[in-house]
Amino acid sequence: GRVGRADKMGLAISLVATEKERVWFCQKGIKGRGPGGRAPPCDDTRDYDQGGNCVWYDERSLLKEVETLLGKPIERIPPDMKLRKDILDLKFGEEKGDAGTSEQTGKHIEQLRPTVLKLASIETQAQASFLNLKARWNAPSKA
């Protein structure tokens, strides 16, 4: 993605996992893999190298690759999540002579906060639902 628009300064924050993460990608529509040259069914949760749809991400390693490309380390935010004062003093989203944008942006962020928190909760519920779905529908019937 990109940060900032129309020559306005932006701030990017990346959350990088400290442990490897298993990620599921449906390979539907990709030919040349799996039996008969077809992609595996989307519910195949085996690892990609075993013919399934899951890969392991090592975000720490990916971050190191990005830093190598940049030729310098990317600054880390401390555990208390507080930005340095010199960064806080920057006027994000503003151009020279663009008074009031930061205040407008702050108000808009506060207005969006409840919706973003609700979306984060829904995302967690959706992920848990997906993980439980297979077990739920594949449970042996009580006949």
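The buried residues of helix α1 pack against strands β1 and β2 (54-57), where buried means a relative accessible area under 20%, exposed over 50% and partly exposed in between (1.4 Å probe, protein chains only), and where contact means heavy atoms within 4.5 Å. The structure is a predicted model, in which local features need pLDDT of at least 70 and side-chain atom pairs count only at pLDDT 80 or more, while totals for chains, interfaces and linings use all residues. Residues are numbered from 1 along each chain as its sequence is written, and side-chain values use heavy atoms, with hydrogens and water left out.

The chain contains three helices and two strands, which follow one another along the sequence in the pattern β-β-α-α-α; helices (H or I, at least four residues) and strands (E, at least two) are DSSP runs numbered from the N terminus. Of its 143 residues, 12% count as buried. The accessible surface of the chain amounts to about 12,400 Å², with 57% belonging to carbon and sulfur atoms, as computed by the Shrake-Rupley method with a 1.4 Å probe, only the protein chains shown counting as cover for residues. Among contacts in the chain with a separation of 6 or more, 48% are accounted for by residues 24 or more positions apart.

The buried residues of α1 are E59, L63 and E67. Seen down the axis of α1, these buried residues fall within an arc of 85°, so they line one face of the helix, the arc being that of the directions from the helix axis to the C-beta atoms. On the other side of α1, K64, T68 and L69 are exposed. Just after the helix, G71 adopts a positive phi of about 80°.

A positive phi also occurs at M81, a residue other than glycine, where the value is near 65°. Most residues other than glycine have a negative phi. M81 is located in the loop between α1 and α2 (85-88), and is exposed, with a relative accessible area of 55%.

A search of the whole structure finds one aromatic pair. W24 and F130 form this pair, which is tilted, with 5.0 Å from centre to centre and 40° between the planes; rings of Phe, Tyr and Trp (its six-membered ring) pair if their centres lie within 6.5 Å, and planes under 30 degrees apart count as stacked, over 60 as edge-to-face and the rest as tilted. Because W24 lies in strand β1 (residues 21-24) and F130 in helix α3 (residues 101-137), the pair ties together parts that are 106 residues apart in sequence. W24 is partly exposed, at a relative accessible area of 34%, and F130 is likewise partly exposed, at 37%.

D44 is placed in the loop between β1 and β2 and counts as buried, at 12% relative accessibility. The side chains of D44 and R46 are joined by a polar contact of 2.6 Å, a term that denotes a pair of N or O atoms within 3.5 Å, of which, within protein, one must be able to donate a hydrogen and the other to accept it, residues adjacent in sequence counting only if both atoms are side-chain atoms. The backbone oxygen of D44 lies 3.1 Å from a polar atom of the side chain of N53. N53 has its place in the loop between β1 and β2 and counts as buried, at 0% relative accessibility.
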